[in-house]
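Have the sequence and the 3D view open, and work through the points in order.

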Amino acid sequence: MTEAKKDTDEKESDNTIVYDYIKYQLRLLGTDILKLKKTFSSPLPNTSQSISFVELIGHKRYEEVFINSEWHKTFSKINEYIYKSLEKTIESLNKVKTNLSNSTGKRVADLGKNGWYCDVGNNQKDFFSFLLDTISKEKANTDERLTQYYSSNLTRIEENLIKLYPHREKFLNKGFSAHKKGDYIVSIPLLLMFTDGITFEKVDTSIYGSNKNSLRINKSYLDNLEIDELQRATLSAISNFTAINQKESSGQEAEINRNVILHGKNLTYGTEINSLKIISFANYVAGIFNGWPSEKYE
């Protein structure tokens with residue numbers, strides 16, 4: 001074999017080693033090799049006699065051929081660019097998620113202050129569809145949309161609550177039946193008691209109870225959940241004081257405040273919209289206890 005022929009064979013072998021390593025790295029990155037052809041100043045070699053990466057690492061000329069080559073320097077720059085881009089993308093996504101969580105938490109809490117509570121649905125898609133379909137900048141429009149939403153979903157909600165709490169079926173039947181008959185003076189207390197009962201079952205405390213400036217459910221349940229910030233945002237209507245659980249001493253009692261109703265202080269609470277608000281609360285709490293908002297974040 002002539003020296004020229006030997007040099008040519010060695011160069012082709014070198015190119016094959018380099019190219020095989022690049023292909024391996026690109027497979028890890030999920031990148032198409034064709035997209036990077038233009039990056040290299042010299043044509044890519046024929047790889048019909050390629051070797052495996054394991055063979056490549058053990059190749060006696062690996063360090064000499066690849067580590068010290070211009071191609072390695074070029075590929076290192078590509079690697080660095082890709083990872084920096086990924087870092088920026090992840091950082092941007094985290095900011096978007098934080099902003100989404102903050103705005104979601106505010107929306108849920110604002111609804112609660114007006115006596116309405118979210119239908120969390122079976123997943124996040126259901127939940128956000130609910131928010132988009134029902135929330136309006138105008139409070140009157142939101143009241144109208146939510147009244148329509150809960151009125152048209154009464155049967156589904158009742159059936160779901162019975163499925164989750166079959167031992168409370170007779171109370172649910174009485175409560176929903178009273179609502180459908182327009183007997184809101186009966187439906188409201190029954191569903192307030194239902195929601196208190198399922199909370200005692202879950203965390204052995206009242207959904208309405210508080211110590212000084214904090215609701216008891218925070219310490220006994222919510223603070224211990226391993227959930228992400230978006231999930232926690234959906235809980236803001238039970239982690240904060242809202243229309244239904246505001247302290248009597250606050251001077252901000254709403255028509256659906258549990259204490260003023262059950263303590264016999266409010267004699268005008270029996271309206272359709274107030275009954276629907278209580279139904280929305282029962283559905284919201286049951287949805288949290290049994291659905292994705294409280295499931296462990298993986």
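1. The protein exposes about 17100 Å² of surface, and carbon and sulfur atoms supply 50% of that area. Keep in mind that this is a predicted model. Of its 298 residues, 43% count as buried.

2. As for the overall make-up, you'll find 14 helices and two strands in the protein. Take the contacts with a separation of 6 or more: 67% of them are between residues 24 or more positions apart.

3. Now pick out two helices, H9 (residues 184-203) and H14 (residues 272-290). Their axes are 9 Å apart, and the helices pack at an angle of about 15°. An angle under 35 degrees counts as roughly parallel, so H9 is roughly parallel to H14. The crossing of H9 past H14 is left-handed.

4. What does H9 meet in H14, residue by residue? From H9 come Tyr184, Ser187, Ile188, Leu191, Leu192, Phe194, Thr195, Ile198, Thr199 and Lys202. On the H14 side they meet Glu272, Asn274, Ser275, Ile278, Ile279, Phe281, Ala282, Val285, Ala286 and Phe289. Sorted by class, this contact has 13 nonpolar, five polar and two charged residues.

5. Is aspartate 204 buried or exposed? It has a relative accessible area of 64%, and the cut-off for exposed is over 50%, so aspartate 204 counts as exposed.

6. The next pair is H7 (residues 154-164) and H8 (residues 169-180). The axes of H7 and H8 come within 10 Å and cross at roughly 170°. Anything over 145 degrees counts as roughly antiparallel, and H7 and H8 are therefore roughly antiparallel to each other. H7 passes H8 in a right-handed crossing.

7. Which residues make that contact? H7 brings Leu154, Thr155, Ile157, Glu158, Leu161 and Ile162, while H8 brings Glu169, Leu172, Asn173, Phe176, His179 and Lys180. The class count for H7 with H8 is six nonpolar, three polar and three charged residues.

8. One of those residues, asparagine 173, is worth a click of its own; its place is in helix H8. Once neighbours within four places in sequence are left aside, asparagine 173 is in contact with Glu158 and Ile162. Its C-alpha atom is separated by 10.0 Å from that of leucine 190, 17 residues apart along the chain. With a relative accessible area of 31%, asparagine 173 is partly exposed, because that label covers values between 20% and 50%.

9. Last stop: tyrosine 149, in helix H6 (residues 139-152). What does tyrosine 149 contact, leaving aside its neighbours within four places in sequence? The list is Asp119, Phe130, Thr134 and Arg156. The C-alpha atoms of tyrosine 149 and aspartate 133 are separated by 9.0 Å, with the two residues 16 apart along the chain. Buried means under 20%, so tyrosine 149, at 22% relative accessibility, counts as partly exposed.

Note on methods. Residues are numbered from 1 along each chain as its sequence is written. This is a predicted model: local features need pLDDT of at least 70, side-chain atom pairs count only at pLDDT 80 or more; totals for chains, interfaces and linings use all residues. Side-chain values use heavy atoms; hydrogens and water are left out. Axes are lines fitted to C-alpha atoms, for helices over the stretch in contact, and angles run from 0 to 180 degrees between N-to-C directions. Helices (H or I, at least four residues) and strands (E, at least two) are DSSP runs, numbered from the N terminus. Angles under 35 degrees count as roughly parallel, over 145 as roughly antiparallel, 65 to 115 as roughly perpendicular and the rest as oblique. A crossing is left-handed if the near helix is turned anticlockwise from the far one by less than a right angle, and right-handed if clockwise. Contact means heavy atoms within 4.5 Å. Ala, Val, Leu, Ile, Met, Phe, Trp, Tyr, Cys and Pro count as nonpolar, Asp, Glu, Lys and Arg as charged, and the others, Gly among them, as polar. Buried means under 20% relative accessible area, exposed over 50%, partly exposed in between (1.4 Å probe, protein chains only). Accessible areas come from the Shrake-Rupley method with a 1.4 Å probe; for residues, only the protein chains shown count as cover.
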